[in-house]
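This briefing reviews selected features of one structure, grouped by topic. The sequence and coordinates are shown first.

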Amino acid sequence: MGIGVIGAGVIGRTHLAALARDAGCRIVGLADPTPAAAEVAGEFGVPLVADHRDLLATPGLDAVIVATPTALHVPIGLDAIAAGMPALIEKPVAPTVAQALTLAAAAERAGVPVLVGHHRRHNPIVAAARAAVRSGRLGRLTTVTALWTLRKPDGYYDIAWRREPGGGPVLTNLIHDVDVLRFVCGEIDTVQAIASSAGRGLPITDTAAVALRFASGAVGTITLSDAVAAPWAWDLTAGENPAFGRTDEQCYLLAGTAGSLAVPGLRWWRYPDPDAATAGWHRTLVEERLPVVRADPYARQLAHFRAVVRGEATPLVGVRDATATLAATLAVEEAAATGRPVDLAPPAERPAPVDPGPVDPVPVDPVPVDAGPVDPGPVDAEPVRAARSR
């Protein structure tokens, strides 16, 4: 399958590397107007054009991956849709909910499939956590604790757009965690937040404390900072990217009436006797590691994208689904700025969740990363809910 990449930055290179490893893909070309793009094109031995519209007109192109700064996602996505070209668009799907809905409507009218790059949903660890919650292993989910605390090098912010609104860790990084929590724990109804920029002194949020209420009645918190020396973040604990340091800590703690789960280690805690009459703090909890096969989520995402392009699968993360994640993430900044909770309007109707597929029962620790393509299966997109402040 011939796939082109639009954008030669960090995430564009990640997609190019995944394409180069996938025997089912060939890289048709790279589109990027910046001088640095020539070096990237040379590294991967692919043709380079400055204008993405020239790439869209290239013979032999079957699909594109849009890996540009967020502000360009919608205009380039609309051009791809107009050309009838299936697209994988990086997250965040758009800078605003309104723009994301414009993209969704255009894709639906044209019948062109669009997958949004919330790649963590393709990680078997996330799928296993979702299965644990939805199977009832934890009983009724009651509390959710998420941590994204680490330190980015100061040079990270030498790039101008990262110091501008939308370039900070809320929309760039926290959106990953919000999407995982929606996928694993269910829809988010209310968001409250306190934010600070004192860690770096830049005109963007670098630290935040967030409170969530889920549609199920569960409540949760997220603590975020990219200015601290701390080990609790998915990037450091899940082992997805070897470029990051690695810790053995956990970053999501899910607690229910019958058990709890620490993620990404998939450490399941429960009482040995589930009898509610005898369970309690006088008894010792037992721990079990839930089984899973580790796999490269970018490879799985690419395999899934190829199936979407061939018409064999529904996007695991469609535009409207990704817009719901965007709305909940933007609500963090809104709640922090206004000092008021943000209610996410309930959907008029919500389709039953579809499981992304079975998780292979192999213990986590002894299994090396398997980058082979695995299709996680279709998941129905849930309706978007518009935000409103109280």
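A crossing of two helices is called left-handed if the near helix is turned anticlockwise from the far one by less than a right angle, and right-handed if clockwise. The model under review is predicted.

**Packing of α1 and α2**

- Two packed helices are described by the angle between their axes and the distance between the axes.
- For helix α1 (residues 10-21) and helix α2 (residues 37-44), the axes come within 11 Å and the crossing angle is roughly 15 degrees.
- Angles under 35 degrees count as roughly parallel, and α1 and α2 are therefore roughly parallel to each other.
- The crossing in which α1 passes α2 is right-handed.
- On the α1 side the contact involves Arg13, Leu16, Ala17 and Ala20, which meet Val40, Glu43 and Phe44 of α2.
- By class, the residues of this contact comprise 5 nonpolar and 2 charged, with no polar ones.

**Nonpolar cores**

- The largest nonpolar core holds 49 residues, of which Leu254, Leu261 and Leu266 touch the most other members.
- Helix α7 (residues 169-185) gives the most to this core, contributing 8 residues.

**The loop between β12 and β13**

- Most residues other than glycine have a negative phi, and most peptide bonds are trans.
- Pro264 is found in the loop between β12 (260-263) and β13 (267-270), and the peptide bond joining Val263 to Pro264 is cis, with omega about 20 degrees.
- Buried means under 20% relative accessible area; Pro264, with a relative accessible area of 3%, is therefore buried.
- Not counting residues up to four places away in sequence, Pro264 touches Ile125, Trp234, Thr237, Ala238, Glu249, Gln250 and Cys251.
- Pro264 and Cys251 are 13 residues apart along the chain, and their C-alpha atoms are separated by 7.0 Å.
- Leu266 also has its place in the loop between β12 and β13; although not a glycine, Leu266 has a positive phi of about 55 degrees.
- Leu266 counts as buried because its relative accessibility is 0%.

**The loop between β5 and α5**

- Pro92 lies in the loop between β5 (87-90) and α5 (97-110).
- The peptide bond from Lys91 to Pro92 is cis, with omega near -10 degrees.

Notes: Residues are numbered from 1 along each chain as its sequence is written. This is a predicted model: local features need pLDDT of at least 70, side-chain atom pairs count only at pLDDT 80 or more; totals for chains, interfaces and linings use all residues. Side-chain values use heavy atoms; hydrogens and water are left out. Axes are lines fitted to C-alpha atoms, for helices over the stretch in contact, and angles run from 0 to 180 degrees between N-to-C directions. Helices (H or I, at least four residues) and strands (E, at least two) are DSSP runs, numbered from the N terminus. Angles under 35 degrees count as roughly parallel, over 145 as roughly antiparallel, 65 to 115 as roughly perpendicular and the rest as oblique. Contact means heavy atoms within 4.5 Å. Ala, Val, Leu, Ile, Met, Phe, Trp, Tyr, Cys and Pro count as nonpolar, Asp, Glu, Lys and Arg as charged, and the others, Gly among them, as polar. A nonpolar core is a set of buried Ala, Val, Leu, Ile, Met, Phe, Trp, Tyr and Cys residues joined through side-chain atoms within 4.5 Å. Buried means under 20% relative accessible area, exposed over 50%, partly exposed in between (1.4 Å probe, protein chains only).
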